Amino acid sequence: MAETEMGCREQRWSLKGMTALVTGGTRGIGFAIVEELAGFGARVYTCSRNEKELNERIKEWEIKGFNVRGSVCDLSSQDDRQKLIGSVTSAFEGKLNILVNNAATITLRKSLDYTLEDYSFMMNTNFKSPYHLCQLAHPLLKASGNGNIVFISSVAD
Ligand SMILES: NC(=O)c1ccc[n+]([C@@H]2O[C@H](COP(=O)([O-])OP(=O)(O)OC[C@H]3O[C@@H](n4cnc5c(N)ncnc54)[C@H](OP(=O)(O)O)[C@@H]3O)[C@@H](O)[C@H]2O)c1
């Protein structure tokens, strides 16, 4: 039954030949997006801050037959974002079809208790990083001839 369904899905459309960068793919919604895109045949690159967890996910995807690579990156750091796009450029021969800005963070405190550091970290990760990644990825998206950007947001953002 599942195989028949999978066959139908694959017959309807495919992402073979497409490349995607999904930020924060080791858990939650990002993990599901990586699996979906890779399941449709895309080559996927992902990142997170936890190297152990990232390597475990990559091994699991390899066993499932998915083409997923990744590297450690703290998206709140501009240097790390630049390095990430450098790695994606090498992995995908300078062409990117899909950028999914998924990773985000939340610090739960009462508004009056937020420190400036809390504010900076959240804004760097949730706002500055997706904006900067779009700028950095622009040449790759353009080079693919078919570039798409997806923002995952929240009522809390
Ligand atoms: N879950 C919900 O109910 C919900 C509802 C509405 C919207 N959303 C949105 O959906 C998106 C994903 O949420 P989620 O609940 O799936 O999150 P999650 O389970 O907490 O996973 C977040 C992912 O992003 C990575 N990440 C976080 N900060 C990072 C950083 N500075 N640099 C690199 N990677 C980082 C995490 O890995 P590391 O921590 O190891 O770095 C992890 O892989 C977010 O944009 C969120 O606002 C979620």
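Lining the largest pocket are 27 residues, with R27, N102, A103, A104 and T105 nearest its centre. A pocket here is an open set of points on a 1 Å grid over the protein atoms alone, where a 1.4 Å probe fits, with protein on both sides within 12 Å along at least five of seven lines; lining residues have an atom within 4 Å of a point. This is a predicted model, where local features need pLDDT of at least 70 and side-chain atom pairs count only at pLDDT 80 or more, while totals for chains, interfaces and linings use all residues. Residues are numbered from 1 along each chain, and side-chain values use heavy atoms, leaving out hydrogens and water.

So who's in the pocket? The ligand sits there, meaning more than half of its atoms lie within 2 Å of the pocket's grid points. Around the ligand are 21 residues, and T26, I29, R49, L75 and N102 are the closest; a residue counts if one of its heavy atoms lies within 4 Å.

Here are some polar contacts, pairs of N or O atoms within 3.5 Å:

| Residue atom | Ligand atom | Distance |
|---|---|---|
| R49, polar side-chain atom | oxygen | 2.7 Å |
| L75, backbone N or O atom | nitrogen | 2.9 Å |
| N50, polar backbone atom | oxygen | 3.5 Å |

On its own the ligand has 900 Å² of accessible area (Shrake-Rupley method, 1.4 Å probe), and the protein covers 74% of that.

Key. Polar contact = N/O pair within 3.5 Å; in protein donor to acceptor, adjacent residues only side chain to side chain.
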